[in-house]
Amino acid sequence: MRDTIRSIEATLVLVPMRRPLGTSAARVTDAPLLLLDLHTADGVTGRGYLFCYLESAGHAALALVREVNDALAGVAAAPAAVRSALEAKFKLLGVRGLVAAVVALVDTACWDAVAIAAGLPLARLLGADLRPIPAYNSNGLGLIPADAAAAEAVELAAEGFSAVKMRLGRSPADDLAAVRAVRAALAPDVELMADYNQALDLPDALARCRALDHEGLAWFEEPVRHDDYAAAAQLRTALHTPVQLGENFAGPRAMATALAHGACDLVMPDLDRIGGVTGWRDAAALADTHGIPLSSHLYPEVSAHLLAASATAHRLEYVDWAAPILRDPLSVVDGCATPPDRPGTGVDWDADAVARYRVG
């Protein structure tokens with residue numbers, strides 16, 4: 001008989017960030033992470049975590065997991081069966097927003113369990129080699145003064161990276177000064193990405209991005225509202241620097257719509273918002289069909305496996321927010337992250353750290 005789900009447990013932790021993240025939308029100093037353990041009848045445990053942005057959202061997600069546990073007890077420990085059961089469970093509420101995030105988290109934990117049961121790293125289960133993926137350091141470089149940003153950029157690159165990302169959204173003059181200071185401080189072969197976090201309307205985006213268009217940036221990320229694909233398409237045709245979208249794609253269909261509009265040069269799905277491992281596979285197929293480079297947003301531990309199995313893999317976004325509660329955090333060597341050679345995703349909890357940071 002196929003293995004079935006015995007129970008699902010979740011724990012909410014609040015982990016201090018090594019460097020605060022200051023964006024045009026908010027300043028974040030602590031990472032609320034919902035840790036999920038999916039236990040099967042055969043004794044396998046699959047794991048995953050959800051970055052909740054707000055502690056209050058973490059508590060709400062924790063309550064949803066209790067509903068998930070009741071719905072999945074005895075269901076086959078197979079991603080398709082799990083997704084079908086959860087879509088039925090939440091049909092009236094709708095699989096969107098926080099519900100979709102929890103469904104994606106369970107999907108990821110289920111894939112982890114399947115890979116562990118098979119004795120394979122997730123990347124190998126998906127038919128890929130454990131190949132190194134170029135990574136960029138996204139731990140910081142918020143909306144800080146130009147001189148502080150330059151110093152922090154050097155620190156981030158010195159941690160073993162060939163690329164770093166900074167946030168934009170100051171005044172136009174201050175953004176220009178910060179970009180120039182950071183670009184001058186970094187070695188010429190270190191790439192510099194820039195993220196507006198949806199700060200601009202189209203006229204402002206055109207003016208501000210044009211002013212930065214030849215300042216040595218690798219991409220402009222989300223200059224306008226994430227789902228204004230018509231505006232993003234106008235930007236894309238007007239700029240020399242590539243336009244990057246994707247962290248807010250609510251599933252592969254949203255990504256397909258963005259690509260149909262010609263809204264971006266690059267895509268970077270988020271493991272949670274794209275629909276877990278199952279959603280990522282569909283997104284990677286879309287990227288391959290369109291010949292568009294595919295990067296990741298957050299969740300580097302699982303994303304390293306998924307990018308290894310993606311035909312148009314480009315860059316892995318590295319953040320260390322979960323590292324303090326992981327037994328074996330993902331490492332970056334010579335600018336690349338390689339999926340660990342052990343069954344599953346490699347995500348496992350440091351029990352003492354979880355107890356220290358637990359809030360629910």
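Contact here means heavy atoms within 4.5 Å. Helices (H or I, at least four residues) and strands (E, at least two) are DSSP runs, numbered from the N terminus. This is a predicted model, where local features need pLDDT of at least 70 and side-chain atom pairs count only at pLDDT 80 or more, while totals for chains, interfaces and linings use all residues. Residues are numbered from 1 along each chain as its sequence is written, and side-chain values use heavy atoms, with hydrogens and water left out.

So who does the burying in H6? Asp175, Ala178, Val179, Val182 and Arg183 are buried, meaning under 20% relative accessible area, with exposed being over 50% and partly exposed in between (1.4 Å probe, protein chains only). They cover an arc of only 125° around the axis, which puts them on the same side of H6; the arc is taken from the directions from the helix axis to the C-beta atoms. An α-helix has 3.6 residues a turn, so residues three or four places apart point the same way. Over on the other side of H6, Ala173 and Ala184 are exposed. As for length, the 14 residues of H6 (172-185) should span 20 Å at 1.5 Å a residue, and the end C-alpha atoms are 20 Å apart, which agrees. That expected span is 1.5 Å times one less than the number of residues.

| Pair | Angle | Axis distance |
|---|---|---|
| H2 (residues 79-89) and H3 (residues 97-118) | about 155° | 9 Å apart |
| H1 (residues 55-72) and H2 | roughly 120° | within 10 Å |

Axes are lines fitted to C-alpha atoms, for helices over the stretch in contact, and angles run from 0 to 180 degrees between N-to-C directions. H2 and H3 are therefore roughly antiparallel, whereas H1 and H2 are oblique; the cut-offs are under 35 degrees for roughly parallel, over 145 for roughly antiparallel, 65 to 115 for roughly perpendicular, and oblique for the rest. On the residue level, Glu67, Val68, Ala71 and Leu72 of H1 touch Val82, Ala85, Leu86 and Lys89 of H2. Pro79, Val82, Arg83 and Leu86 in H2 meet Val103, Val106, Asp107, Cys110, Trp111 and Val114 in H3.

Last stop, a loop residue. Ser310 sits between helix H12 (300-308) and strand E10 (316-318). At 3% relative accessibility, Ser310 counts as buried. Leaving aside neighbours within four places in sequence, Ser310 is in contact with Arg131, Trp280, Ala284 and Leu294.
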